[in-house]
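Have a look at the model first, then try each task before reading its solution.

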Amino acid sequence: MRALVSGEAGVAVLIDGRQVSTLNAGASEEVLLTEADIPYLLADATDVAELLDTTREAAAVALDLACRKDEALHLFLILLDAKADREAQQLSADCLEELFSDQEVLEFVCNRLYSAPLPANSDLVAALIHADNARAGRLTNFLDELGSFQPAVRRWRESWDQLGADLFEQGLAQEEFRAAVITTGAFRRMVHAEPEEVDGVLLDCLANASLRKLPGYRRVLMAWTAPFRAAKARLRREIGVEEDEEQGKQARRTRRRSEKPKPSVIVFETVNKQKEAIKRLLSEGKTETALKYVEDLVRYQGDRSEAQDLARSLCDLAQHAKSMGEHKIQLALAQRAVQTVRTDGWSYIQVGDAYRCLGRLEEALQAYDHAVRDFPQNVVARTGRAEVLKEQGRLEEALQAYDHAVRGFPQDVVARNGRAEVLKELGRLEEALQAYDHAVRDFPQDVVARNGRAEVLKWLVRMEDALAYYEATLRDFPTDAAARNGKVSVLVQLGRYREAQALLPGGTPRTRNDWIAEHIRGMILMKQGDLDAAVHVFERGIRESPWRHSIPYFRGALSVALLRRKEFRKAVEAIANEDAPAPNILRLHAFGELAEIAEARKALARVEGSRLPRVIVLREELAARYVRPEAGRPHHSDDWVFERECDLLLAA
Amino acid sequence: MTCPNCREEISDNERDCSICHHDCGYPNVRAAQKPEEQTARAGRLDLAEQSASARGCAPLMAEFRTAVRSSRAVLCRSLSQVQSLVSGDHELYASFYQLVAAGARRRQNTPEDRDRGVADELLFPGYREHIRFAALSLDGRGVPHYGECSLVLKDSVIRQRATVFEENSLYFCGRLGLGVRRPVPPGYRATWDERDGLAAAKLEPKLRVGMRAPDFAGILLALRPPGGEPDFVEVHIYGPLHRKSIERLVIRQPRRAAHRAILKQLTKVLREEVGATIETY
């Protein structure tokens with residue numbers, strides 16, 4: 001009996017004289033057919049093996065093995081495919097662990113995977129994660145090794161591809177030879193070989209019966225391995241001929257092995273790739289998938305590295321989520337980090353930061369308090385706490401906290417900038433300017449300090465100075481979006497709208513600075529008299545901006561637009577419950593127009609203590625109009641008030 | 001035949017005129033359109049119609065022909081073969097000769113390969129490497145012994161270049177003892193649009209009074225009891241098939257985990273990249 005066996009087709013054709021029957025993979029019964037069916041049975045299979053003088057049982061065993069090899073290869077390719085179905089990949093990992101328990105199957109896949117570099121669409125990291133989820137040790141090792149040998153695979157493959165066609169006797173021989181070096185494992189063995197082992201593997205190949213029957217086998221194999229044998233010779237010369245051969249071998253082995261990534265390096269690289277993938281997904285707005293990947297990261301890194309390292313990874317991702325305005329995810333990641341290591345101060349700081357970004361200031365303060373208590377030497381905990389106090393409007397306490405931080409950590413620029421910022425909020429502008437001057441002197445490369453200084457100049461209404469300072473900053477930091485926005489806002493206040501518009505970014509706003517730019521765009525429209533378009537921009541900002549801190553600016557601007565339209569009730573509603581100098585000025589204006597003097601007085605009381613020049617001029621004008629008419633001060637026009645209100649918002 | 005453009009003679013195996021490079025049509029389609037083929041086929045159909053009338057099956061035969069006009073070409077492959085075939089934007093179905101030429105499959109020089117070479121040369125002289133085989137089906141299912149996946153091809157991508165043949169061509173040649181000086185007799189092949197006439201001429205004896213439309217699928221593609229060959233109308237398609245030639249995949253729900261994984265991935269590719277549907281039973 002003869003048999004034609006194909007794992008790809010999943011069939012063994014048994015031919016006994018004129019009788020033809022088939023065995024199908026997974027089916028126990030034999031099906032009687034005819035010779036005419038054979039082309040259909042084997043169709044375009046490329047792995048047909050002919051067994052001569054065989055038996056039905058032997059053919060069944062050969063079929064089973066051929067099918068398992070074929071399945072393993074397919075499942076492995078699915079596992080590696082970056083675009084594959086995740087469920088299919090997980091199932092593949094489960095199955096492969098079992099299939100790889102058979103050494104023949106493992107070698108079959110190995111022989112093929114080591115014959116060419118992994119394609120661009122393969123994702124080894126995701127494959128490792130699936131293997132890890134499946135608790136598939138054999139598969140994980142295989143993937144780890146496959147990844148670490150990619151440079152060698154690439155070198156051997158390049159050497160093969162560079163073989164000239166003249167080495168082969170006929171056109172088809174080259175392809176046939178390539179198939180043979182793959183299926184015999186020659187490729188895999190060469191890739192695995194140390195430099196001093198190449199000759200040995202070459203000798204084995206020269207003796208291999210499958211390769212020997214190919215025309216010109218010696219010539220082809222010698223040419224293929226030539227670059228590697230030459231490298232070995234160079235290595236020997238470098239080491240020196242007088243060196244003892246054994247010592248030399250040992251040294252080369254050590255050197256060679258040291259080139260291969262250690263397992264810890266592989267874990268580090270894998271984790272980094274996982275993090276990159278998660279960050280990419282967050283940037284693309286695919287949060288659901290990103291969170292699934294986070295679970296994979298927690299499982300993978302949790303099993304392989306210190307809990308502290310995993311917490312750091314989660315905190316890093318939390319910071320990225322923050323930069324994308326995904327504050328709920330930022331909080332979830334930070335809380336996960338705290339759960340991972342309850343003694344990690346950095347994780348508590350991240351939780352505090354996330355709560356602050358979400359506007360949950362009391363919870364933020366608690367988290368920072370916890371961090372300051374347990375990690376008093378952590379300046380980030382202290383500055384974070386001070387920042388929360390500032391946002392709560394507890395400016396004096398915030399200043400004390402910053403003073404404390406600056407005394408303890410004079411070289412921390414964040415503490416220095418934070419202190420200067422609180423001084424500005426308190427209206428102590430000259431002190432703020434001095435604090436920023438010192439920060440810029442001590443930290444000339446800190447762009448935040450430079451932008452902070454320019455902001456103070458704006459509040460001091462030194463517009464030309466502010467513009468010059470922003471321009472100088474942009475020369476040193478040409479891509480800094482905050483400096484660009486600062487310059488644009490000054491240009492708008494100077495009425496140079498066209499120049500301002502030219503500097504604004506295009507596209508859909510995403511980052512915090514994008515939304516600030518959007519606010520400025522609306523302000524330009526409003527100042528140019530296109531109130532409808534401006535209102536549209538502001539309402540969209542209130543509705544869509546993920547940046548809590550940008551919302552008051554949009555609310556204030558919308559209120560100014562509504563005041564301009566004389567829709568005073570709506571102007572009050574637009575401000576909502578914001579409680580800062582600018583919204584209180586707008587409240588005073590709106591309630592004054594509505595003749596609700598008691599409410600206007602309340603708003604006035606909240607800005608009575610302000611030392612900010614832009615607030616003072618408006619406060620006095622509006623108070624004289626609506627609350628203290630007896631003072632008899634000359635009134636400015638509505639246009640004057642509108643312009644000053646716009647400038648107040650642009651300076652904020 | 002002469003080239004309609006330059007009036008020079010062209011060989012039966014040539015698609016483009018070697019003089020003016022005018023596209024003279026697919027060789028298999030031209031072969032089925034030859035007058036002697038049409039005459040012989042018409043004669044067979046006439047006899048079948050007479051027989052059907054005599055047996056009171058004329059309306060049933062008309063109904064059968066209507067059904068066959070909506071039949072599709074179906075390829076059967078294993079799950080793993082289908083996964084390979086649809087995994088890239090390359091040619092879907094490489095013919096055996098092209099696989100050998102590309103070195104992907106080594107010619108075994110088995111008696112079966114030799115028989116196949118003879119039969120294919122008889123049917124497709126000089127262009128056998130361009131022909132892909134399929135079976136005609138009414139329900140989307142092919143011959144299960146040939147592979148658990150039935151790939152139903154889009155009518156629009158094969159209509160112009162497909163022809164149909166009486167049965168498995170290798171079986172046909174063996175059964176009639178065809179070979180040197182014994183060419184394929186006329187009347188057993190037809191163009192795609194005339195497949196209903198060929199199927200009716202062949203299968204009229206199987207039509208019985210009382211049969212209904214759902215029975216037609218099992219007549220057009222019959223699975224005989226063990227020991228007999230599957231009987232179907234063979235489809236010959238000239239030229240390559242792209243994965244976007246697939247209209248749907250019909251497959252039995254797999255039981256093994258490995259096959260479930262492959263099918264899961266296959267489903268994603270077919271739906272998202274190919275635009276095909278999947279039907280499990």
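Two strands count as paired if DSSP finds at least two bridges between them; strands are DSSP runs of E with at least two residues, helices runs of H or I with at least four, numbered from the N terminus. This is a predicted model, where local features need pLDDT of at least 70 and side-chain atom pairs pLDDT 80 or more. Residues are numbered from 1 along each chain, and chains are lettered from A.

**Exercise 1.** Find the partners of strand β3 (residues 19-24) of chain A.

Solution. Start with strand β2 (residues 11-16) of chain A: β2(A) and β3(A) are antiparallel, with six bridges. Here A12(A) faces L23(A). Two residues separate these strands in their hairpin, where G17(A) has a positive phi near 65°. Next, β3(A) runs antiparallel to strand β4 (residues 30-33) of chain A, over four bridges. V20(A) has L33(A) as its bridge partner there. That hairpin has five residues between the strands, and G26(A) shows a positive phi near 80°.

**Exercise 2.** Work out why the pair W156(A) and F228(A) is stacked.

Solution. Rings of Phe, Tyr and Trp (its six-membered ring) pair with centres within 6.5 Å; planes under 30 degrees apart are stacked, over 60 edge-to-face, the rest tilted. This gives 22 aromatic pairs over all chains. For W156(A) and F228(A), the centres are 3.5 Å apart and the planes at 10°, so the pair is stacked. W156(A) lies in helix α7 (residues 150-161) of chain A and F228(A) in helix α12 (residues 217-239) of chain A, 72 residues apart.

Methods: Side-chain values use heavy atoms; hydrogens and water are left out.
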